[in-house]
Amino acid sequence: MTDDYLARIGQLIRDARQHRGWTQVKLAEALGTSQSAVNRIERGNQNISLEMIARISEALDSEIVSLGYSGPMHLRVVGGRRLSGSIDVKTSKNACVALLCASLLNSGRTVLRRVARIEEVFRILEVLSSIGVRARWINDGADLEIVPPAELDLEAIDADAARRTRSIIMFLGPLLHRMDRFRIPYAGGCDLGTRTVQPHMIALRRFGLEITATEGLYHAVVERSVTPDAPIVLTERGDTVTENALLAAARHDGVTVIRNASSNYMVQDLCFFLEQLGVRVEGIGTTTLTVHGVPEIDVDVDYSPSEDPVEAMSLLAAAVVTESELTVCRVPVEFLEIELAVLEEMGLDTDRSPEYAADNGRTRLVDLTVRPSKLEAPADKIHPMPFPGINIDNVPFFAAIAATAEGQTLIHDWVYDNRAIYLTDLNRLGGRLQLLDPHRVLVEGPTRWRAAEMMCPPALRPAVVVLLGMLAAEGTSVLRNVYVINRGYEDLAERLNEVGAQIETFRDI
């Protein structure tokens with residue numbers, strides 16, 4: 001490699017390391033090398049192989065260069081453009097990954113329609129394929145067919161793919177019915193601070209699952225004599241812990257009552273899917289679920305996951321910050337009603353179509369038109385609550401929206417340890433956001449957006465918030481290392497371009 005390329009690669013590595021909050025020593029430990037070697041690499045003073053670049057990319061969970069697979073490295077955004085026309089909401093990321101995990105319950109053929117083609121799904125598919133599941137895209141890549149083997153090969157699990165997704169933890173519920181002992185890697189995914197897995201362990205222990213965690217692995221042992229003899233009360237009304245409890249209850253030969261359950265969109269989609277597998281679930285949409293499990297499931301099933309309310313919120317926010325008139329189609333309105341009520345109180349001008357059913361026949365959709373509006377800061381703080389409150393994943397988008405409104409808005413992101421910190425990246429684009437503590441941000445609006453070049457935050461929703469700010473900023477901005485956006489959004493840049501944005505994907509190398 002030329003000295004110029006080495007220097008540019010070194011700068012990318014240094015930026016990715018610093019944004020992750022790692023020292024050179026920590027990166028060196030992850031790579032099994034010395035701090036001085038990392039220092040030479042970052043200064044462009046050491047030849048570096050493609051294999052080493054791949055290892056660094058994996059350690060930092062950042063796509064330093066593209067090594068033979070699709071996906072943009074960086075985005076170049078020409079901002080200050082108005083959006084117009086209509087854009088469809090894709091199927092739910094979180095529902096799709098839950099349904100992929102749920103396919104392990106079924107010995108028959110599972111077909112999932114219009115699955116989101118995103119990195120999070122690809123990681124789960126890599127894990128499934130590694131343990132013997134046959135998964136293939138059908139119907140010109142629109143749908144996904146999943147056929148499990150008679151016996152899973154957990155010893156061959158793709159640990160690298162597993163560690164790059166939090167969703168791997170939802171393998172615990174299905175797997176406890178298939179084997180007495182197994183190991184899976186620790187859950188990974190976004191850099192959102194420490195989120196305990198203890199609620200999962202408490203719930204699954206009622207089905208005889210005991211977990212010890214050592215050397216980067218969950219070691220699971222199942223005691224078949226242990227079954228739930230009383231309602232399971234979840235210590236956290238979380239989405240994935242509710243899904244894990246549902247997955248465990250689905251093949252428990254008996255009735256399981258789950259209390260303090262999440263009733264959020266992905267949980268409802270999972271319940272609808274379980275019903276197609278022959279599992280009766282009472283109380284869908286409430287905080288008490290009664291599951292009538294069946295010990296064996298061997299059916300051919302065809303299911304269509306519903307649309308993603310968080311993507312819908314992203315697109316609505318894009319229209320707001322760019323002062324555009326845009327119609328967002330196939331919005332799952334039931335899961336956005338509180339957000340829309342807050343936005344309308346702030347002064348947002350919207351129109352809704354009559355409601356119609358999603359392809360699953362159960363979820364309520366509308367087409368929503370957003371018009372340019374003069375917004376005022378909300379009277380109360382913005383904070384998430386379990387459904388039907390403001391969705392946890394929708395809170396970051398209020399940072400960009402509040403930056404366009406007149407006045408001060410307090411955003412309290414109490415769920416995650418450090419996600420609110422990443423929202424202050426909007427200050428690089430002209431925002432006035434004051435970090436009060438790791439969970440609270442004070443946003444002052446309106447904002448005179450300005451273009452900037454910056455690294456993509458390592459958390460999915462704040463990364464998209466930064467992209468939205470760039471869409472609003474006059475001039476050309478660059479957002480580097482956007483792998484995290486591809487974890488949760490399918491062709492987002494291309495789809496925004498279709499309604500008037502100007503976003504170019506490119507690579508340095």
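**View 1. The second largest cavity has a lining of 7 nonpolar residues, 1 polar residue and no charged ones.** Ala, Val, Leu, Ile, Met, Phe, Trp, Tyr, Cys and Pro count as nonpolar, Asp, Glu, Lys and Arg as charged, and the others, Gly among them, as polar. This is a predicted model, with local features needing pLDDT of at least 70 and side-chain atom pairs counted only at pLDDT 80 or more, while totals for chains, interfaces and linings use all residues. Residues are numbered from 1 along each chain, and side-chain values use heavy atoms, leaving out hydrogens and water. Around this cavity sit Ser-314, Leu-315, Ala-318, Val-464, Leu-467, Leu-468, Leu-492 and Leu-496 (a cavity is a set of points on a 1 Å grid over the protein atoms alone where a 1.4 Å probe fits but cannot get out; lining residues have an atom within 4 Å of a point).

View 2. The bounds come from an automatic or database domain assignment. Of the core's 150 residues, Phe-171, Phe-182, Ile-184, Leu-479 and Ile-485 touch the most other members. A core here joins buried Ala, Val, Leu, Ile, Met, Phe, Trp, Tyr and Cys through side-chain atoms within 4.5 Å, with buried meaning under 20% relative accessible area (1.4 Å probe, protein chains only).

**View 3. Here's where domain 2 meets domain 3: 31 residues of domain 2 are in contact with 28 of domain 3.** Contact means heavy atoms within 4.5 Å. The two domain centres, taken over C-alpha atoms, are 29 Å apart.

**View 4. Ile-184 and its contacts.** Skipping neighbours within four places in sequence, Ile-184 is in contact with residues including Leu-154, Ile-168, Phe-171 and Tyr-218.

Conventions:
1 Å grid on protein atoms, 1.4 Å probe; cavity = no way out; pocket = protein on both sides within 12 Å on 5 of 7 lines; lining within 4 Å. Buried < 20%, exposed > 50% of the residue type's maximum accessible area, 1.4 Å probe, protein only.
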